[in-house]
Amino acid sequence: MHNETNLTDTRPATWKFWAIIASVFALFFLRANPKLFIEGRSYVGNWSYTHFLFTYDDGFIKRGLVGDILNRLFGHVSYELVSTIAYLAFFVLAAMMIRLSTQPWHAAGKRQGALLFAIIAVTSPATLQHFAQDVGRFDVFLYLIALPAMYGLSRANGDQRVISFFIVTVPLSLALLIHEAAFFIVAPMVIAYWIFIDSSRRALIYQAATIATMFIATYLISTRGNYQASSLDAHLESLRAIYGSRVVESSLSVLHNTTLEENIGRTLGTAFDYSRALHHVAMLVFMSPFFYMVFKLAPLLRESCPPKALLLLLASLSPLALYPLGHDHFRWWSLAITNIILSTALILIHNRNFSDSLFAYLEDNPRLVKMILITAFISGPLGVTGSFDILK
């Protein structure tokens, strides 16, 4: 029985709906980027900027696709050019994510609970706030590839599985060339969504072929993608001679003999200090209303959705598998939560029983929704190696 004091039957007009979404996005974008508005300062860090300078001029290297394209198009890849491209990419991704998170509102007859879900998705510290603060990271490009791939899957004819194979395999292969960690960041979610909409035996053959292709490509890119033309010092000096002091050695070093053992050792060296523990505690505190909501909704999901929906949500947690490989621990949390929200939106579109249950829960718990939004604004974006800027 729904709480009669809640406006569960409210159907906001379309223009009001988009006005609310646009307003909360603008407010939280301002919260995530205060220096951009106050000082006009780009949030593209030198570490990310250096990645845009990776090219194939001296042979194949991992993470070189984006930089090589820009180098061929523009010649000199300046910081101003990268900032412009990075923010354009962010706003395109924001439009895609807003579009997906608002689709359940249209599918569910414009319910108030669907509006609340969309607001939570748009304002979460782990979604657009995180991407806005970490603008310029290649993660944005990975999602710009993954989201259209999933949209293509939803539109493909179920009997044309060869087309579905190419819709998934080709974009994910490009994503691996942009960043080999796409194998963990977006590939499991995209493939699990493919299984979610088509779990037939024939589809399983193509899905297994895609998984095998992703595994082989990731292995080859990771093991043969190091820079071989010169040493790290010489490489650094040559790039700084052209692009100046914004070229960062720690960013460039990922191309020079970074073995799996070195990555794990570096992560272990920074993962257990007091500061890192404090930031993990802060994440748990500020994200506790959101985590509580997820905990309460889990039984509803089990009751109203088939196992393949649970597989999709489980696959969405795959960025957390990077915990021992990189000390960007809060980045992994951000990407995992982003995947969970995107996957939930997809399930809501396909499953009316679950959407009714989730929207009713949000409508019946307005205080929890308010707490999620308040803590999201106070904390600001979930970070990369640190949790929230408020701790500074």
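Predicted model: local features only at pLDDT ≥ 70, side-chain atom pairs only at ≥ 80, totals over all residues.
**Entry 1: His-179**

Setting aside neighbours within four places in sequence, I found His-179 in contact with Arg-63, Phe-138, Leu-142 and Arg-331. His-179 sits in the loop between helix H9 (161–178) and helix H10 (182–185). I then looked up its accessibility. The relative accessible area of His-179 is 7%. The cut-off for buried is under 20%, so His-179 counts as buried.

**Entry 2: Arg-63**

I followed one of the contacts of His-179, namely Arg-63. Arg-63 lies in the loop between H3 and H4. I checked its backbone. Phi of Arg-63 is near 65°, and I noted that this is a positive value in a residue other than glycine. Is Arg-63 buried or exposed? Its relative accessible area is 10%, so I logged Arg-63 as buried.

**Entry 3: Aromatic pairs**

I searched the whole structure for aromatic pairs and got 22 of them. I opened the pair of Phe-17 and Trp-105. Their rings are stacked, at 3.7 Å centre to centre with 5° between the planes. Which parts of the chain does this pair tie together? Phe-17 belongs to helix H1 (residues 14–32) and Trp-105 to helix H5 (residues 79–107), so the pair links parts that are 88 residues apart in sequence. I checked both residues for accessibility. Phe-17 is buried, with a relative accessible area of 0%. Trp-105 is buried as well, and its relative accessible area is 0%.

Next I took Phe-52 and Phe-141. Their ring centres are 6.2 Å apart and their planes stand at 65°. Edge-to-face needs planes over 60 degrees apart, so I classed this pair as edge-to-face. Phe-52 is in the loop between helix H3 (46–51) and helix H4 (65–74), while Phe-141 is in helix H8 (residues 139–155). The pair therefore ties together parts that are 89 residues apart in sequence. Phe-52 is buried, and Phe-141 is buried too.

I also looked for aromatic clusters. Phe-25, Phe-29, Phe-37, Phe-90 and Phe-91 form one such cluster.

**Entry 4: A charge over a ring**

I turned to Tyr-79. The charged end of Arg-246 sits over the ring of Tyr-79, and I read its distance from the ring centre as 3.6 Å.

**Entry 5: Ile-145**

I went back to helix H8, where Ile-145 is found. Ile-145 has 17% relative accessibility, so I put it down as buried. I listed its contacts, leaving aside neighbours within four places in sequence. Ile-145 touches Pro-171, Leu-172, Leu-174, Ala-175 and Ile-178. Ile-145 and Ala-315 are 170 residues apart in sequence, and their C-alpha atoms are 17 Å apart in space.

I tested the length of helix H19 (residues 329–350). It has 22 residues, and at 1.5 Å a residue they should span 32 Å. The end C-alpha atoms of H19 are 32 Å apart, which agrees. I then checked how covered H19 is. Of its 22 residues, 19 are buried, so H19 is mostly covered.

How does H19 cross helix H20 (residues 352–364)? Two packed helices are described by the angle between their axes and the distance between the axes. I found that the axes of H19 and H20 come within 6 Å and cross at roughly 115°. The crossing of H19 and H20 is left-handed. On the H19 side, the contact is made by Thr-344, Ile-347, Leu-348 and His-350. On the H20 side, I listed Arg-352, Phe-354, Ser-355, Leu-358 and Phe-359.

**Entry 6: Leu-320**

I looked at the loop between helix H18 (307–316) and H19, where Leu-320 is found. Leu-320 has a relative accessible area of 22%, so I recorded it as partly exposed. Leaving aside neighbours within four places in sequence, Leu-320 is in contact with Trp-332, Trp-333 and Ala-336. I took a distance to Tyr-87, which is 233 residues from Leu-320 along the chain. Their C-alpha atoms are separated by 26 Å.

**Entry 7: Ile-69**

I ended with Ile-69, which is found in helix H4. Is Ile-69 buried or partly exposed? I read a relative accessible area of 41%, so Ile-69 is partly exposed. Ile-69 and Asn-46 are 23 residues apart along the chain, and I found 19 Å between their C-alpha atoms.

Definitions and conventions: Residues numbered from 1 in each chain as written. Heavy atoms only, no water. Phe/Tyr/Trp six-rings, centres within 6.5 Å; stacked < 30°, edge-to-face > 60°. Helix = DSSP H or I, 4+ residues; strand = E, 2+ residues; numbered from the N terminus. Buried < 20%, exposed > 50% of the residue type's maximum accessible area, 1.4 Å probe, protein only. Lys NZ or Arg CZ within 6 Å of the ring centre and 35° of its normal. Expected span 1.5 Å × (residues − 1). Axes fitted to C-alpha atoms, helices over the stretch in contact; angles between N-to-C directions. Left-handed = near helix turned anticlockwise from the far one by under 90°. Contact = heavy atoms within 4.5 Å.
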